[in-house]
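My entries follow the model shown here.

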2 protein chains.
Amino acid sequence: MDYSLLLDAFGRDHARHAWPRQRLLHECLRAAIRDGTLAAGTRLLATRALAQELGIARNTVLYAYEQLACEGFVIPDRRGTVVAGIAPAPRRRSADVPQAGLARRAQNLRTVNGTASVALPFTPGVPDLRAFPLAQWRRLLDRAWRGLSFDQLNYGDPAGESALRTAIADYLRASRGVVCEPGQVFITDGTQASLDLCAHACADAGDIAWIENPGYGGALAAFRGAGLVVEGIAVDGEGMAPSLHDWSVRRPKLIYTTPSHQYPIGVVTSAARRLALIDGARAAGALIVEDDYDSEFRHEGPPLAAMQGLVPDAPVLYCGTFSKTMFPALRIGFVVVPAGLAPQLAVMRAQSAAAGRTAEQLALAEFLRSGEFALHLRRMRRLYRQRRDALVEALGRHVGSHAVVEGASAGMHLALRLPADGIADVEIVRRARAQGIVVNALSAHAVPGGAPVNGLLLGYAQVPVERMDALVERLAGVMLDRP
Amino acid sequence: MDYSLLLDAFGRDHARHAWPRQRLLHECLRAAIRDGTLAAGTRLLATRALAQELGIARNTVLYAYEQLACEGFVIPDRRGTVVAGIAPAPRRRSADVPQAGLARRAQNLRTVNGTASVALPFTPGVPDLRAFPLAQWRRLLDRAWRGLSFDQLNYGDPAGESALRTAIADYLRASRGVVCEPGQVFITDGTQASLDLCAHACADAGDIAWIENPGYGGALAAFRGAGLVVEGIAVDGEGMAPSLHDWSVRRPKLIYTTPSHQYPIGVVTSAARRLALIDGARAAGALIVEDDYDSEFRHEGPPLAAMQGLVPDAPVLYCGTFSKTMFPALRIGFVVVPAGLAPQLAVMRAQSAAAGRTAEQLALAEFLRSGEFALHLRRMRRLYRQRRDALVEALGRHVGSHAVVEGASAGMHLALRLPADGIADVEIVRRARAQGIVVNALSAHAVPGGAPVNGLLLGYAQVPVERMDALVERLAGVMLDRP
């Protein structure tokens, strides 16, 4: 609250009145309260402090406060003077900007489907938040804050706190077969930030970037934001399937793929396809962005390590996040970059991304190091497998042959492929929403210009087993247009 | 720690041995410990749990663990089995990527000058961290976490928590003369993120963006990252001074300016110049990005409200941060956008920036609402004014007419203009660093292609009054090349 600024602006507006100082202050404060500039509940500065700040006598301030109290604009209490909860007069409105508008790239954006702040049944991409050991996390966080020195309130390492980079490297080596040193790990604010970083660091405006089709909208947004030309590449039963024609005519600089559990279809990319993609990328001089977002929850089949560690010098940027394994509001993710790119990327990071959040990063490092994270993962894996089983069974019972389940072998969601000539998925999404069920439309994930798809995405991570059957029955009613 | 993945990869590598299962597990774990995949201090999974996870007999696991313990690779303790601190054999190294490298835009970046993680005397842009009421902040944060529902662990509002947007709007109206409603306030991860947002939302690749010359390197990086063509506009004693020629030949789409305290020169933009800039922007169909970063600390002269509120429909995006008023590691900033742009920007945000950090945002809202923030600001204003006075005095004593002090009327730093034919500022920076003093070179802030400058940036926020004279004397010795 800058009272001298307030007073000065008011004085200029009302210069014709030539009020004495105490009247001027009173009128100024009253106007600010009336137009909402001083909101209800705001505590006014103590009279002595305000007098000092404005360089006026304390009596002048006392007079103004008393007048306001008499008029009911402020309420004196034990600790001072508080603005009363009166209805303010309509405030000056900020008018629209006349000429200047948003950039072309910010227009005609697709509206996001179903970003409900409360996770409803089948909302994809949201873990079971109630199962997170929140009390334990709070304790680690509080301990990290208590251990923080004043110097650690300053800007942090732009690559991330060393302890966290080490803990992540340890975890990835042991759990995902990623070959890396802590120096290759860069901490980000989550996968979207990681994709922005990859797009800006590894491709120039006008370069071609591949994404799977259907594919992850966040990658499309990040790549377009960086000025890249995005091409959708078909996905078949073995994963991303570029043709020879794609490699020669749509030669990529960047390739985005989700090999552990393709988003949205859910197919796991075969080992042969992974090796072919690495060879192709190497020949094209391209880098692969491996988004390993769902890899921690594998429900069946042989274990598949990350592409990054598959061959010694894979041209891969490996992205991961704690949004699904811990909780989305945490906002911490990471990219593992090839060792040869790490030094230059550190320079780029230092220049374009101020860093901090030291306490949060140290708490997360401790969560990983102490084994709490591994324990939580194991619990979640068991829970999600049970829920997946229940969902697949219920779908068999209520939907039967009307739709085909895909991608249920890993992750926290599955895809339900619908007949191309049946009800459009967006229509089912709309009707399901009215029933309190959130599902995503596969068609919303089609890359513009790519093949059409019809289907649904069902997240099962937050749906208890005992509620599954009734919810699927309700959804089946919507899908099959039963009353 | 994914043991099945570890075992599977090891089994493939050593398929020729046809080991019995207990031997295979033992060899696999030993190899993982030796190459550092299982780091020292890692707690192995309990025998019963591992047997279950791998679908093998518990005795098999017991055998493997006992063998490892005999060999000294693991240490049994009360709670289980921990990897011993032996020196690991050299780990597989990730080779460099052969063909694919970084994008052109990520190369040839200037290395950042003086991003010391510990604030040394005269490091610009760092507040007095020791003066921050850290215990109070920890309490608010802990309270916010305790009050959080499980649902609030989910993705948050992409525009930011409503309580924080309201608290910021209230503060800006009362303290900075900004005309805004909470719906116009967008929370970001700090000014760099705000600038990225402004650049991507309000200009297309190839559009012209103006920045002050000399100017803020972060704006240059953000605008170039968005593919904009950046033009440096000269700054004179009244602020940013575009010529008629600039308006006609280098017609901008975006204009970045720091009117409250120009970065780095420190000049306060005059009211006449502010109005002229708004008029010019409106005529050109451009938007102004007002970075009000240092405005809270005004040491002398008449109060100047933000440009944003100067005229009713100013085409201004107003950026602020809590990095200077609270502490950099917090990583919370904001942009106030024209009301007409807010709805479309909300859509853009929802698509391109996952949000969360709910507890931190609620704690900050409470810090603002309770008056603690205003109290802290008042204390800091007094402190910084004293330190500025001490610095200006000491400079007069030790440097005298060898350099001209500029921009000392506001903020946390001042500029020291050096003769064009004297020692180059970068050389002084280098020598001062050897004396434990961090100053920034003005020449590092020259926009490529713009006029050359020679001078220093001195941050005084973290330098106690009683140390000022001795430090300035030491700096003067470096500047004047005295032994």
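**Helix packing and symmetry**

I looked up helix α5 (residues 134–146) of chain A and helix α12 (residues 358–369) of chain A, whose axes come within 8 Å and cross at roughly 125 degrees. I note that α5(A) is therefore oblique to α12(A); angles under 35 degrees count as roughly parallel, over 145 as roughly antiparallel, 65 to 115 as roughly perpendicular and the rest as oblique. Axes are lines fitted to C-alpha atoms, for helices over the stretch in contact, with angles from 0 to 180 degrees between N-to-C directions. Helices are DSSP runs (H or I, at least four residues), numbered from the N terminus.

The model is predicted: local features need pLDDT of at least 70, and side-chain atom pairs count only at pLDDT 80 or more, while totals for chains, interfaces and linings use all residues. Residues are numbered from 1 along each chain as its sequence is written, chains are lettered from A and ligands numbered from 1 in the order written, and side-chain values use heavy atoms, without hydrogens and water.

I next looked up helix α7 (residues 191–202) of chain A and helix α8 (residues 217–225) of chain A; their axes come within 9 Å and cross at roughly 40 degrees. α7(A) and α8(A) are therefore oblique to each other. Their contact (heavy atoms within 4.5 Å) includes A:Leu195 of α7(A) and A:Phe223 of α8(A).

Finally, I recorded that a rotation of 180 degrees with 0.0 Å of shift along its axis superposes chain B on chain A (RMSD 0.1 Å), by least squares on the C-alpha atoms of residues with pLDDT of at least 70 in both. The two copies are thus related as by a two-fold rotation axis.

How values were computed:
Helix = DSSP H or I, 4+ residues; strand = E, 2+ residues; numbered from the N terminus.
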